[in-house]
Amino acid sequence: METAANRVQILSEALPYIQKFRGRTVVIKYGGAAMKDATLKDKVVRDIVFMACVGIRPVVVHGGGPEINNWLNKLNIEAQFKDGLRVTDAPTMDVVEMVLVGRVNKELVGLVSSAGGSAVGLCGKDGNLITARPHAAEGVGFVGEVTRIEPKLVKSLVDAGYIPIISSVAADTNGQPYNINADTVAGELSAALGAEKLILLTDTPGILKDYHDPDSLYNKLDIQEARALIDSGIVSGGMIPKVTCCVRALAQGVRGAHIIDGRVPHSLLLETFTNSGIGSMLVASHQTA
């Protein structure tokens, strides 16, 4: 009976959040351990389908670095990185596109379908969704940045009840494909869609004052505070682009950006439907949150 009562309490706590976010678009960047561990993968997919079933409009953006590395090894192509970016020459770009668009994307579509959802797989090339340009960094090959987002196709799919699942491969105006950071794509797409939320699944609890101490989590901060943490060096390394893409999304009208730990089962539901949440929530300002 106690377990049943707990379940009822959880559902009751979720109700106002379901009511608040029903009909709103939520962009989820899916990656990290939650993409590599089969059990976690199943729970993330079920969370996404759950969100869709209660009226939220999820849009999923994914990368797939470990799978790319596996296929590069199989093809005897050395994986190289420069300043955190995958050096992407023409053969590597072929593998990136094959893996992200042809394997990882379709696997996720299949998993969502198996869990009772309706998913459609896309990449940035489809419907001119994303126009790319070369990254500003030198010597990284076909690594791209986002020039423009045309969200019409994604909006039409969401309006029709589908869950778009988007791989972070796009092309420039000449048709040359580029490998783009999935966090960046998720942030820019959330702004273009006028999303309620951007949620980044990561391998950390969120933004930490001391990265050695998971209890030093910042539960909520605004744009100014986030920028100050970057300037002071508290936010560093691989967390900088994640926080930066959240700040950019908020500055363009997204109401909330979340950095959460994808290693925790059902972290998506915990962050979205509970009072305490689980990760770091960024807002434009505390006054407007």
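Reader: Which residues does Gly64 touch, not counting residues up to four places away in sequence?
Author: Gly64 touches Met35 and Leu100. Contact means heavy atoms within 4.5 Å.

Reader: What kind of model is this?
Author: This is a predicted model, where local features need pLDDT of at least 70 and side-chain atom pairs count only at pLDDT 80 or more, while totals for chains, interfaces and linings use all residues. Residues are numbered from 1 along each chain as its sequence is written, and side-chain values use heavy atoms, with hydrogens and water left out.

Reader: Where is Gly64 found?
Author: In the loop between strand 2 (57-62) and helix 4 (65-74). Helices (H or I, at least four residues) and strands (E, at least two) are DSSP runs, numbered from the N terminus.

Reader: Is Gly64 buried or exposed?
Author: Gly64 counts as buried, because its relative accessibility is 13%. Buried means under 20% relative accessible area, exposed over 50%, partly exposed in between (1.4 Å probe, protein chains only).

Reader: Which residues does the "binding site" annotation cover?
Author: Gly64, Gly65, Arg86 and Asn179, according to the unreviewed UniProt entry. UniProt positions are given in the numbering used here, feature names are shortened, and annotations may be inferred rather than shown by experiment.

Reader: Why do they gather at one spot?
Author: They span 116 residues in sequence, but no two of their C-alpha atoms are more than 11.9 Å apart, so they gather at one spot. The lining of the largest pocket takes in Gly64, Gly65, Arg86 and Asn179.

Reader: What counts as a pocket or a cavity?
Author: On a 1 Å grid over the protein atoms alone, a cavity is a set of points where a 1.4 Å probe fits but cannot get out. A pocket is an open set with protein on both sides within 12 Å along at least five of seven lines. Lining residues have an atom within 4 Å of a point.

Reader: Now Arg86. Buried or exposed?
Author: Arg86 counts as buried, at 10% relative accessibility. Arg86 lies in strand 4 (residues 85-86). Leaving aside neighbours within four places in sequence, its contacts include Gly65, Phe81, Val140 and Asn179.

Reader: How far is the backbone oxygen of Gly65 from a polar atom of the Arg86 side chain?
Author: 3.4 Å.

Reader: Switching topic. What lines the largest cavity?
Author: Tyr30, Val45, Ile48, Val60, Leu108, Val112 and Ile165. Helix 3 (38-53) and helix 5 (90-114) are the elements that give two or more residues to that lining.

Conventions
A polar contact is a pair of N or O atoms within 3.5 Å; within protein, one must be able to donate a hydrogen and the other to accept it, and residues adjacent in sequence count only if both atoms are side-chain atoms.
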